[in-house]
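Reader: I am new to protein structures and would like to learn how their features are read. Could you take me through one, step by step?

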Amino acid sequence: MTNKRPNILFVFPDQYRLQALGFRGDDPVHTPNLDAFAAESRVLTHAVSTRPVCSPYRAMLLTGQYPHQNGVVVNCNSNTSALGNYLKESTVCLSDVLAEAGYSQGYIGKWHLDPPNPDHNAYTEGPRGSGGVIWDTYTPPSRRHQFDFWHSYGCCDRHFNPHYWTTGAALHERIEPQEWSVKHETDVAVDYIRNANGERDPEKPFSLVISHNPPHPPYQQVPPRYLERYEDMPLETLANRANFDAQTFRGEEGAARTMRQYFAAVTGVDEQFGRMLRALDEEGLRENTIVVFTADHGDMMGSHGRIGKDLWYAESFRVPFIVRWPGRLAEGEDDLLIGTPDLMPTLLGLTGEAGRIPDEVQGINYAPALLGEEQARPTSALYWTAGAGGGGNGVQRRGILTHRHTFVVQRKGEEEQIILHDDNADPYQLRNAADANADLVESLRTELWEQLQEIEDPWAV
Ligand code: CA
């Protein structure tokens, strides 16, 4: 059948950084499946995680709205949900629109968008953060935004002992498969692709979203067979970035160990991703499925002496974004400056459902640009942060990535600091060029302010 609406397979491992794609020649990682996939895909070289932490990314991905509008400004847990920081039932999400458009939809893996369920307290045996903060939760069907197939959990970093609530399961009925979460989630995804258990309506197109937790910490929870490749790799090979500083690992031994583990998880994610692609091929779904591989944010992994995310540096802010749709999207690199809120309207545009993009959406539908049609291209992509992680140290930042610069305004109380990196001349972002480039700072500030006013960010008032 021709003109059949395309399926979507959207895979986004947690904390998988842009540099950890073997074909780029940055990190010394083995990613043969992603390398081959990229060779037949559109590879976006300037995709960003607009607010590079878990819950805000996920909320932007699903709503097409910036954090101050969708209300998910920091990570979701029992403390922040008391302030209303969670995905609202009433907000129209990508999946709500695709349900209206007649899609079967599955969600597999980490969700991390809900307040702790009121009944969860009495039920859960953990894990809890400092001060008894609850991170994980059960998502009742009313909060699943019309994903009709569900194999998910809230937030729980146990890669060898993950748990899931499945489609019809009640709060007390979670499953614990006792294997590496990426492998288990891929098994479930492959079954969904094959429709092995009647998970989806074969007459409808499907949209399947897969959110692996690795290569996120705890880094050591990675199958030993993926580590073998990196075991003898010395630190100077592992840590090949000029901005690397081992201090965050408390020494070189810890640095080498952690990087081996992170890269091993990357190789494991790659291997499992390959299984999903083969399942598509074997089911004859290759041609009519839009496949996206991206991440919610990156990982500093020792760059600038930091680990984790939430920073404007390339290792945290920029993400992989590889999209394949045979015969429709041209192969090759594309330097489109695409931000997280643009993903929802762009996916709707690619599926031919641009007319259903809700009025509240702030992101832009870049489907025409990706399809090679005439469209005005952005000259910058926003960076947005409100305190660190789910806590907050009082530091707020707004910034932009352009094709040449990374520009950030940082505020703490009355203090304001300007950060400017020339990413061409200084690709490892070792220098702050703000003081020496007053005119450039002024023009980038104007561009940033125009973007903030466009999305009605109170910062720009
Ligand atoms: Ca994350």
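Reader: What is the mean pLDDT of the protein?

Author: pLDDT is the predictor's confidence in each residue, from 0 to 100. Here the mean is 94, and 95% of the residues reach 70 or more. Where pLDDT is low, the predicted coordinates should not be read in detail.

Reader: In what order do the strands of the open sheet lie?

Author: Strands of a sheet pair through backbone hydrogen bonds, either parallel or antiparallel. Helices (H or I, at least four residues) and strands (E, at least two) are DSSP runs, numbered from the N terminus, and two strands pair if DSSP finds at least two bridges between them. In this model nine strands form an open sheet in the order E5-E4-E3-E6-E1-E7-E8-E2-E9, with mixed pairing. Its edge strands, E5 (165-166) and E9 (332-334), each pair on one side only. Strands E3 (residues 104-110) and E4 (residues 149-153) run parallel and are joined by five bridges, with isoleucine 108 standing opposite histidine 151 in E4.

Reader: Which protein atoms are donors of the calcium ion?

Author: Donors are N, O and S atoms within 2.8 Å of the metal (3.2 Å for Na, K and Ca), and sites may look incomplete because water is not among the atoms. The protein donors of the calcium ion are Asp14 (OD), Asp14 (OD), Cys54 (SG), Asp296 (OD) and His297 (NE2), which lie 2.2 to 3.1 Å from it. Along the chain, the donors follow the spacing D-x39-C-x241-D-H. Both aspartate 296 and histidine 297 are buried, a word that stands for under 20% relative accessible area, with exposed meaning over 50% and partly exposed in between (1.4 Å probe, protein chains only).

Reader: Why is the pair of phenylalanine 37 and phenylalanine 273 called edge-to-face?

Author: A pair of aromatic rings is described by the distance of the centres and the angle of the planes. Rings of Phe, Tyr and Trp (its six-membered ring) pair if their centres lie within 6.5 Å; planes under 30 degrees apart count as stacked, over 60 as edge-to-face and the rest as tilted. The structure holds 23 aromatic pairs. In the pair you name, the ring centres are 5.0 Å apart and the planes stand at 80°, so the pair is edge-to-face. The pair links distant parts of the chain, as phenylalanine 37 is in helix H1 (residues 32-39) and phenylalanine 273 in helix H10 (residues 252-282), 236 residues apart. Phenylalanine 37 is buried, with a relative accessible area of 1%, and phenylalanine 273 is buried with a value of 1%. Ring pairs also link Tyr16, Phe37, Phe273 and Phe293 into a cluster.

Reader: How many residues of helix H12 are buried?

Author: Helix H12 (residues 343-350) is mostly covered, with eight of its eight residues buried. Contact means heavy atoms within 4.5 Å, and what covers these buried residues includes E1, helix H2 (54-63) and strand E7 (289-294). After H12 comes glycine 352, whose phi is positive, near 85°.

Notes. Residues are numbered from 1 along each chain as its sequence is written. This is a predicted model: local features need pLDDT of at least 70, side-chain atom pairs count only at pLDDT 80 or more; totals for chains, interfaces and linings use all residues. Side-chain values use heavy atoms; hydrogens and water are left out.
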